[in-house]
Amino acid sequence: MDTSVNSAAPAGTRVTAARWSALAHRWPSVVGLAAATLVLANGASRETLATIVSVAALCYLGAAALDRPWVAWAGVGGASVVVVVTELAGLPWWVGIAVVAGVLVVVGLVGRVPRPALTAQTLALLGYGGLAVAALHLAPPVGLVLAGVALTAHGIWDVIHYRRNQVVPRSLAEFCVLLDVPLGIGFLVLAAIG
């Protein structure tokens, strides 16, 4: 009886199980990359990129303002609702982001959360969000490049937070890196060839 097939099956099964385990451990990367791919496949605009970078920065600010890292994950859905409600009210989406950001800063100050994190996240929202909104007011190709640069640069912010394991959960920072960088670079490439 040939036992090589039987002895190879468990080893192959172990390898497959190890691969699935590694993939499950990296679920934020998988989800972020899948989301970036989906957005790129649907041919999103500079408006989409600007919204994504602003929502990401707002999630970080929310976590800092409430001094609760998990709030960043909740902020993904919450900020998305803010965007939709603001647009349904007939206002530009960034107005809603700005209002919520202002409220979060006040809540953080009143709640006496650590000032360095609150200050850094406020400045990051102003910087990334400001670039995102500016991208909407430029000629479409230039705006697309600026939004792509802002989103890619936010990926650096994500890496810093991932490495320090501060303000937001590592899983969120990991997700954002694999959303921001491929999406930002993808649109920079599209702008260059389009």
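Me: Does Glu-174 count as buried or exposed?
Reply: Happy to start there, with the note that this is a predicted model. The relative accessibility of Glu-174 is 9%, and the cut-off for buried is under 20%. Glu-174 therefore counts as buried.

Me: Which side chain meets that of Glu-174 in a salt bridge?
Reply: Side chains of opposite charge can pair when their charged atoms come close. For Glu-174 the N to O distance in the salt bridge is 2.7 Å, and the cut-off is 4 Å. The side chain in question is that of Arg-26.

Me: How many residues apart in sequence are the parts that this pair ties together?
Reply: A search of the whole structure turns up 1 salt bridge, the one between Glu-174 and Arg-26. Glu-174 sits in helix H8 (residues 170-193), while Arg-26 is in the loop between helix H1 (4-25) and helix H2 (27-41), so the distance in sequence is 148 residues.

Me: How many helices and strands does the chain have?
Reply: Nice one to read from the N terminus on: the elements run α-α-α-α-α-α-α-α. That gives 8 helices and 0 strands.

Me: Among contacts between residues at least 6 apart in sequence, what percentage join residues at least 24 apart?
Reply: A contact here needs heavy atoms within 4.5 Å. Of the contacts in the chain between residues at least 6 apart, the share joining residues at least 24 apart is 76%.

Key. Residues numbered from 1 in each chain as written. Predicted model: local features only at pLDDT ≥ 70, side-chain atom pairs only at ≥ 80, totals over all residues. Heavy atoms only, no water. Helix = DSSP H or I, 4+ residues; strand = E, 2+ residues; numbered from the N terminus. Buried < 20%, exposed > 50% of the residue type's maximum accessible area, 1.4 Å probe, protein only.
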